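Hi,

Here is the structure I promised to pass on to you. Have a look first, and my notes follow below.

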Amino acid sequence: MSSSGGHGGDVRDQRDGGAVAPPAQGADPVATLTAIVADLSELVAGARTGPLGGGTLKVPRDQLVALVDELREAVPHQLDEADRVLEDADRVLGEAQAQAEDVLSTARARAIELVQREQVVAQAQARAAQVVAAAEADAVRIRQDADDYCDRRLSMLEDVLEQAGAQVRAGRERLVERALERSAERAD
C-alpha cells in the first residue's frame with residue numbers, strides 16, 4: 001500500500017482494526033482523498049482473482065474496510081476545507097468591500113474639498129465619479145475572483161469524491177460477487 005499524500009502511512013500500516021485518524025493538521029485534503037483512492041486502487045489491482053475467474057477478485061476484507069473507513073473519515077475533512085475556502089472568500093470579499101468603502105469615503109471627502117474651491121468643481125465631480133466607478137469595478141472583480149476560486153476548489157473536491165465513490169461502489173460490488181460465488185460453491 002502506498003502512504004503518499006498528506007495522510008500518514010501509519011494509519012494504513014495498522015489494518016488490525018485500529019482507529020482511523022483524521023488527516024494531519026495542515027495536510028492537503030485533496031491529496032489525502034487522492035491517496036486513499038490510490039490505496040483502494042492498489043488493493044484492487046493487487047488482488048488475486050477468484051478460482052472461478054470471471055473478474056472476481058479476492059481482496060483482504062480488513063484492508064478494504066480500513067480504507068473505506070479512512071475515506072469515510074476524510075470526506076468530512078474535505079467538507080471542512082471547502083467551508084474554510086468559502087470563509088476565506090467571504091473574508092476577501094469583506095476586505096474588498098471595506099477597501100471600496102474607504103476609497104469611496106476618501107473620494108467623497110476630496111470631492112467636498114474641491115467643491116469648496118469653486119474653480120475646480122467640475123474636475124472634482126468627474127474625478128470622484130472615476131474613483132467610485134473604479135472602486136465598484138474592483139469590488140466586482142474581487143467578488144468574481146473569490147467566486148471563481150471557490151468554484152474551482154469545489155469542482156476539485158467533487159471530482160475526488162466522485163472517483164472515491166466509484167471505487168467504493170466497485171469494491172462493494174466485488175464483495176457481493178464474491179459472496180455469491182461462495183454461496184454457489186457451498187451449494188455445489
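The second largest pocket is lined by Leu 40, Arg 61, Leu 64, Val 65, Val 68, Asp 69, Arg 72, Gln 167, Val 168, Gly 171, Arg 172 and Leu 175. For the term itself: on a 1 Å grid over the protein atoms alone, a pocket is an open set of points where a 1.4 Å probe fits, with protein on both sides within 12 Å along at least five of seven lines, and lining residues have an atom within 4 Å of a point. Its space comes to about 170 Å³, a volume being the space filled by probe spheres set on the points, which are joined across faces, edges and corners.

Two helices, α3 (61-116) and α4 (121-187), each bring at least two residues to this lining, and α3 gives the most, with six. Helices here are DSSP runs (H or I, at least four residues), numbered from the N terminus. By class, the lining holds six nonpolar, two polar and four charged residues; Ala, Val, Leu, Ile, Met, Phe, Trp, Tyr, Cys and Pro count as nonpolar, Asp, Glu, Lys and Arg as charged, and the others, Gly among them, as polar.

A word on the basis: this is a predicted model, where local features need pLDDT of at least 70 and side-chain atom pairs count only at pLDDT 80 or more, while totals for chains, interfaces and linings use all residues. Residues are numbered from 1 along each chain as its sequence is written, and side-chain values use heavy atoms, with hydrogens and water left out.

Now to the salt bridges (a side-chain nitrogen of Lys or Arg within 4 Å of a carboxyl oxygen of Asp or Glu). The count is three.

- Arg 84 and Asp 88 pair at 2.3 Å, N to O. They sit four residues apart in helix α3, so about one helical turn separates them. Arg 84 is partly exposed at 35% relative accessibility, as is Asp 88 at 26%; the term covers what lies between buried (under 20% relative accessible area) and exposed (over 50%), with a 1.4 Å probe and protein chains only.
- Glu 95 bridges to Arg 91, with 3.0 Å between the closest N and O atoms. These two are also four residues apart in α3, about one helical turn. Glu 95 has 41% relative accessibility and Arg 91 has 44%, so each counts as partly exposed.
- Arg 141 and Asp 145 meet at 3.3 Å, N to O. This pair belongs to helix α4, again with a four-residue spacing of about one turn. Arg 141 is partly exposed at 44%, and Asp 145 is partly exposed at 40%.

Best wishes
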